[in-house]
Amino acid sequence: MAKPSHAERLELFRRMLHMRRFEEMVIRLAQAYEYTGRQHLHIGHEATGAAVAMAMRAGDKIHTTHRNHGYVIACGADPGRAFAEIMGRRDGLNGGKGGSWHLCDAERGFQSTSAMVGGSIALAAGAAFALKLAGSGNISFAHFGDGTLDEGVAYESLNIASIYELPVLFVCENNSKAGQRPSSMLAAARLQDVPAALQIHCELVDGADSDAAQIAFQKAADRVRETGKPVFIEATLERWPGSHQVKAAFPTGVTDLSLALNLDKVEGKHADWIKQSDPILRATRALIKDGVSDLVGLLEMDAKVNLLMEDARSFAEASPFPDASVAFTGVFAS
Amino acid sequence: MPQMNLAEALIDGLIWSLRADPRATIIGRGIAGHGPEHAAEDRLKQEFGSRIIDPPTSEAAVAQLGTGAAMAGARPFVHYGTAVFAYEAWNQFINEAANIHYMSNGQLSAPVTFHLFHGIRGGGGPQHSGSPYAMYANNPGLEIVLPTSPRDAKGLMRSAMASNNPTIVIQNAQLLGLTEDVPAEDYSIPFGKAVVKRDGRDVSVIACSRSVIDALEAADILEKEGLSVEVVDIRTLAPLDVDTIVASVEKTGRMVAVDETYEICGVASELIASVVTRAFSALKTQPVRVGRPMTPVPFSPPLEAAVNPGTQKIVDACRRACKR
Amino acid sequence: MNKALKNAGGASVDGRLLLSMHRTMLRIRHFEETIRRLAASGAVPGLVHLCAGQEATNVGIIAALEDRDFIASHHRGHGHCIAKGAPVEGLMAEILGKASGMCGGRSGSMHVIDMERGNLGTNGIVGGGIPLAAGAALAARARGSDDVCVCFFGDGALNQGLLHECMNMAAIWKLAVVFVCENNGYGEFTAIDDVTAGPSLPGRGEVFGIPSEMIDGMDVQAVYAAARKAVDYARAGHGPSFIICNTWRFGGHHVGDKQEYKDDEETRAWRLRDPLLRSAKALSAAGIVSEEAIAQMEQDAISEMAALADGVRNGSEPAAQTLLEHVYG
Ligand SMILES: Cc1ncc(C[n+]2csc(CCOP(=O)(O)OP(=O)(O)O)c2C)c(N)n1
Ligand SMILES: Cc1ncc(C[n+]2csc(CCOP(=O)(O)OP(=O)(O)O)c2C)c(N)n1
Ligand SMILES: [Mg+2]
Ligand SMILES: [Mg+2]
């Protein structure tokens with residue numbers, strides 16, 4: 001596949017910035033409202049999430065996990081309604097009934113988020129089954145972490161997707177890291193060995209490399225559309241130091257694009273992550289180096305995104321909590 | 001009007017559903033069981049073979065396959081055979097299918113039908129005799145349907161397949177051979193409508209599934225003793241038609257609640273609670289509960305019979321309620 | 001068609017061992033035949049799954065175990081019970097739901113538990129025995145023992161998520177488990193190829209770094225040789241192994257199944273590979289015993305089992321008053 005055009009690369013970056021600034025605002029909101037709780041932020045996964053979203057076509061479906069915020073935003077959901085949902089407000093994407101873990105924007109093909117490890121992979125296989133029956137040519141996407149492959153239901157779903165030739169792209173974000181508490185304990189030497197043993201075509205990509213991810217996911221999605229069979233992509237990622245935070249914080253600071261050209265200035269405990277693993281800074285460097293944009297152009301884009309997120313925050317803050325009576329409605333579909 | 005057994009009626013309801021809706025699809029085989037009635041399934045295979053798939057023994061993923069497909073616009077019917085196999089899919093039923101409409105604030109729904117055979121069936125032993133519908137009923141978002149006659153089976157199946165919610169059609173495997181006249185044409189029976197199967201004056205037996213058949217038998221026996229027993233079949237446990245139940249108890253003044261699930265936190269308990277909290281003053285005597293005692297279902301026939309809340313226990317309960 | 005019917009080649013075992021394995025296989029075959037007759041006459045409540053045809057996998061594996069080792073079995077498990085030393089009269093009585101059954105009639109064919117001999121039980125849930133076996137191996141480790149635990153399961157269980165979860169844990173923790181798939185080509189009425197993805201079945205174990213092999217499950221010597229290797233490996237603390245035994249059930253899924261889904265030619269071909277013919281041939285070819293003695297062994301097995309039937313059938317039923325016993329310990 002040809003390298004993506006400048007416009008496509010910029011669009012990918014724009015989505016990545018939306019994702020990053022959204023998550024940073026989630027941290028600020030958590031600090032302001034002290035609902036620290038457990039936010040599973042998607043920081044560090046932006047290149048993968050944005051590349052997946054760009055490979056989606058109208059009518060495709062995606063199912064995600066607890067680490068879902070980035071995908072909702074990358075798919076084009078209104079960030080104000082997403083903040084409102086995370087804050088449990090009336091105008092949230094789910095009217096306040098779902099919260100961070102269950103963001104849903106069905107109109108954009110963003111199906112439910114399952115907070116059950118192993119939930120999304122099986123639901124996405126089901127979506128692929130329905131799409132195949134409908135014969136629309138659409139495909140389904142399953143986003144999940146390496147932890148999902150510890151679950152038996154993942155293995156069952158991969159087997160089913162393989163024997164029934166379901167058009168599903170399995171997107172495994174592997175951020176498991178030895179040393180820290182790993183998010184999976186799979187005995188397999190490589191995660192892909194599991195789907196490969198079930199005769200599913202597998203690819204490996206550096207999930208923090210926006211160019212590589214953009215090419216890999218586009219190619220994989222094309223392959224699923226052409227063959228009607230599943231493909232499994234493992235995107236390797238270096239876990240962001242704040243990915244399991246209980247108290248809202250910015251362990252790697254607020255993202256500063258200009259650091260991309262001043263990496264030697266970066267120091268501190270997490271300097272390595274910032275220098276080598278932050279997909280936003282990596283993309284910034286690549287775009288400038290390839291002459292797709294200059295730093296000022298990217299900073300300008302960033303400023304717009306920041307403004308958008310501030311407006312979105314105001315929208316969410318202005319939204320009231322839902323009326324308690326709503327708790328009893330919508331249990332059954334009519 | 002043709003005669004059909006319950007298995008044939010069920011298949012007929014499914015066939016009409018598949019004719020009516022091209023999105024409907026079948027996951028599973030052995031829908032009419034593996035007993036003498038199994039041949040009923042052949043009609044379905046003949047007309048819709050290409051819309052049936054035979055899945056691996058992967059209950060959890062199969063439940064989720066149905067749920068995910070339903071969320072994406074299909075209308076899957078997922079057959080599990082013996083109900084206990086669906087224990088492997090507990091998370092998928094409860095945490096995914098039942099919640100999705102609510103937690104997406106109505107954006108999505110999961111119109112999937114799960115079909116299960118429950119109950120004491122003769123030699124099933126501790127692992128194959130489970131009746132999980134009381135446990136399912138303890139979760140909002142699931143519709144639970146318990147057909148007890150061929151006519152009902154057909155009409156209720158039709159509603160299940162048309163419903164926009166996850167629906168569990170669960171029936172006692174021993175009822176599959178029951179036979180009666182069933183209208184040949186397409187029809188459906190709405191959920192949440194209990195039916196008075198037999199009119200009576202002295203005591204109301206409120207029952208579901210297999211226990212309805214036992215209760216009717218008990219009513220015949222008691223009639224000879226001069227006791228007039230009313231039998232109400234709730235037909236759907238969720239939604240539950242409390243109005244019809246209360247009306248019956250208000251008429252007779254006495255209540256026996258009977259069901260095959262465990263007595264503790266079981267269906268009979270819920271039926272009594274729903275009457276006591278709404279129409280306590282209508283009761284002339286203490287309501288009587290008949291359910292499975294709190295022991296696993298043993299294999300050996302005499303032990304199995306001892307846990308089954310069958311006809312004799314209902315007869316005794318009616319006598320007690322009427323102070324005979 | 002059953003996947004890859006490759007013969008592992010002529011492994012040969014010690015003559016005395018082969019003789020004793022042959023005898024156990026004969027006892028299983030005729031035990032099952034007796035149960036089949038009892039079931040056909042209505043004496044067995046519920047459904048019963050017979051293992052005739054699969055004796056070599058039952059016996060060859062268990063022969064590699066010590067008495068103290070554990071097994072976990074499945075719904076087609078009478079042979080495992082017998083090979084692990086269960087009293088056949090008590091087993092038959094259990095299958096008929098009698099008071100004198102090994103579990104007092106509470107469990108029936110599908111839940112026979114025999115802790116005295118390290119048998120964690122037959123199991124009514126496809127894949128149900130797998131985690132029990134992994135747990136038993138973990139417990140053995142905790143006691144500081146090198147007991148090994150074998151779990152038997154059918155090809156139908158290959159697609160249960162539990163197998164994947166347990167293989168993973170056994171591999172990570174190097175548990176002394178031997179995973180034994182008795183691949184008889186069908187799960188109920190479904191052919192394995194219709195529901196089982198992947199280029200190779202051993203590949204499903206190899207993914208976890210588990211030594212895995214597929215063998216001829218109709219050849220008791222080959223089964224024993226594979227088991228010997230796997231059991232020694234586990235006992236030495238190296239962790240799990242995975243053995244796929246290709247075999248065939250001569251009867252239906254349960255007594256009464258007419259097997260219309262099977263191909264007659266295929267069935268005939270498998271019939272000729274009868275594990276009992278095979279071991280009888282090996283015994284006589286090696287001159288270990290005379291043909292007369294082999295025939296006599298078979299007669300002994302027939303009369304042993306047939307002699308039990310009437311007594312067990314007329315045995316007393318459990319009393320309903322015992323119903324609530326053992327609900328809690
Ligand atoms: C069924 C289930 N078990 C456990 C959990 C708790 N849990 C939440 S996140 C998580 C780790 C998931 O790891 P991974 O899938 O790799 O995603 P990551 O957080 O690393 O992105 C666990 C175990 C859960 N949500 N669901
Ligand atoms: C969890 C579960 N699902 C379904 C069943 C129904 N069932 C009983 S035996 C069987 C097939 C098992 O096939 P296999 O494992 O190959 O063993 P075989 O009968 O061939 O020996 C099935 C699906 C069950 N007992 N448990
Ligand atoms: Mg992870
Ligand atoms: Mg099998």
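Which helix of chain B is B:T277 found in? B:T277 sits in helix α10 (residues 267-279) of chain B, where helices (H or I, at least four residues) and strands (E, at least two) are DSSP runs numbered from the N terminus. Welcome to a predicted model, in which local features need pLDDT of at least 70 and side-chain atom pairs count only at pLDDT 80 or more, while totals for chains, interfaces and linings use all residues. Residues are numbered from 1 along each chain as its sequence is written, chains are lettered from A and ligands numbered from 1 in the order in which they are written, and side-chain values use heavy atoms, with hydrogens and water left out.

**Around B:T277**

- With a relative accessible area of 67%, B:T277 is exposed; buried means under 20%, exposed over 50%, and partly exposed in between (1.4 Å probe, protein chains only).
- Its side chain reaches the backbone oxygen of B:A273 at 2.7 Å.

**Where chain A meets chain B**

- Here 43 residues of chain A touch 38 residues of chain B, contact being heavy atoms within 4.5 Å.
- The two chains bury about 3000 Å² between them, 66% of it on carbon and sulfur atoms; buried area is the accessible area (1.4 Å probe) that two parts lose on being put together, summed over both.
- On the side of chain A that touches chain B, two or more residues each come from β1 (61-64), β2 (110-113), α5 (119-134) and α6 (152-163) of chain A, and α5(A) gives the most, with 9 residues.
- That side of chain A divides into 22 nonpolar, 17 polar and 4 charged residues; Ala, Val, Leu, Ile, Met, Phe, Trp, Tyr, Cys and Pro count as nonpolar, Asp, Glu, Lys and Arg as charged, and the others, Gly among them, as polar.

**Where chain B meets chain C**

- The contact takes 29 residues from chain B and 34 residues from chain C.
- About 2300 Å² is buried between chain B and chain C, and carbon and sulfur atoms give 62% of that area.
- B:Q127, B:F299 and B:L303 supply 26% of the area that chain B buries against chain C, more than any other three residues.
- This interface has 0 salt bridges by the rule and 10 residue pairs in polar contact (both at pLDDT 80 or more).
- Helix α11 (residues 301-307) of chain B gives the most to the side of chain B that touches chain C, with 5 residues.

**Aromatic pairs**

- Over all chains, the search finds 14 aromatic pairs. Rings of Phe, Tyr and Trp (its six-membered ring) pair if their centres lie within 6.5 Å; planes under 30 degrees apart count as stacked, over 60 as edge-to-face and the rest as tilted.
- B:F93 and B:F114 are stacked, at 4.0 Å centre to centre and 15° between the planes, and both are buried.
- B:Y80, B:W90, B:F93, B:F114 and B:Y136 form one aromatic cluster.

Definitions and conventions. A salt bridge is a side-chain nitrogen of Lys or Arg within 4 Å of a carboxyl oxygen of Asp or Glu. A polar contact is a pair of N or O atoms within 3.5 Å; within protein, one must be able to donate a hydrogen and the other to accept it, and residues adjacent in sequence count only if both atoms are side-chain atoms.
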